[in-house]
Amino acid sequence: MKVKYFAWVRERVGKAEETIEPPATVRTVEELIAWLSGQSEAYAYAFEKPKVIRTAIDHAHVKADAAIAGAREIAFFPPMTGG
Amino acid sequence: MTSTVTTSPVTGCPVAIRIQEDDFDIAREIALLTKSRTDIGAVVSFSGICRAGEDSSKIAALTLEHYPDMAEEEIKRHVHEAISRWPLNGVTVIHRVGRFMPGQNIVLVLTASQHRKAAFEAAEFLMDYLKTSAPFWKKEESATGTGWVEARARDDEAAARWTRS
């Protein structure tokens, strides 16, 4: 699946997007965040406060317990500050 | 500049949503919204402007980052919710992205209705959701450095009061 990062999450991860293949045991957004955090120091830093991170699946906001099965694009970002 | 004007499939209300680097002209946008219409009795216009802030943390510039694929969809969802809740005759939302200096326009929301109450409320509803749920992020530059703007609890509270039980 394609993953995108925005704002300080993007800066901390060090890339704007990538394609990942998490193991089948990773089923929800919070499990994906935990799995990514274990990949490197950069991810661990980006996701150090997982409750702060907002997630969208296929361009719609989702909660941390949302299933990731079938997702084409998952995006992680800080709380929004537009307008 | 891409300009997409669609209409609500439910009420036929014209909807224009644009995300652009260019500035907007409020008078021109109001004229576009009301052109050839005789049923509109009220247009409310909200402009969000880049502000310098207080002395100690005076902002020199602001950079707006967004999630292009999602931003327009998210704004559209809230515009259509506004149309379902208030009798609107037209909605325009323009959100700029890029780097801004204090005094420059960032966002424009126009709501048109027969009467002012619906137009005022819908404009406020749309701005509350633009601030808390549209995927845009502000980065500030000041004399002390650069940093991402933190979301404020009072913006979440402002959006939460529109939640229907």
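Guide: Leaving out residues up to four places away in sequence, A:Phe77 touches A:Tyr5, A:Phe6, A:Ala7, A:Val9 and A:Arg54, together with B:Tyr67, B:Pro135 and B:Trp137, where contact means that C-beta atoms, placed from the backbone, lie within 7 Å. The model is predicted, so that local features need pLDDT of at least 70 and side-chain atom pairs count only at pLDDT 80 or more, while totals for chains, interfaces and linings use all residues. Residues are numbered from 1 along each chain as its sequence is written, and chains are lettered from A and ligands numbered from 1 in the order in which they are written.

A:Phe77 also belongs to the largest nonpolar core, which has 55 residues, and is listed with B:Val79, B:Ala82, B:Leu88, B:Val91, B:Ala122 and B:Leu126 as touching the most other members; such a core is a set of buried Ala, Val, Leu, Ile, Met, Phe, Trp, Tyr and Cys residues joined through C-beta atoms within 7 Å. The largest share of this core, nine residues, is supplied by helix 3 (residues 116-133) of chain B, helices being DSSP runs of H or I with at least four residues, numbered from the N terminus.

Among the contacts of A:Phe77 is A:Ala7, which lies in helix 1 (residues 7-13) of chain A. A:Ala7 is buried, because 23 other C-beta atoms lie within 10 Å, and a residue counts as buried if 20 or more do so, as exposed if 12 or fewer do, and as partly exposed in between. Although A:Ala7 is not a glycine, its phi is positive, at about 55°. Most residues other than glycine have a negative phi.

Methods: Helix = DSSP H or I, 4+ residues; strand = E, 2+ residues; numbered from the N terminus. Contact = placed C-beta atoms within 7 Å.
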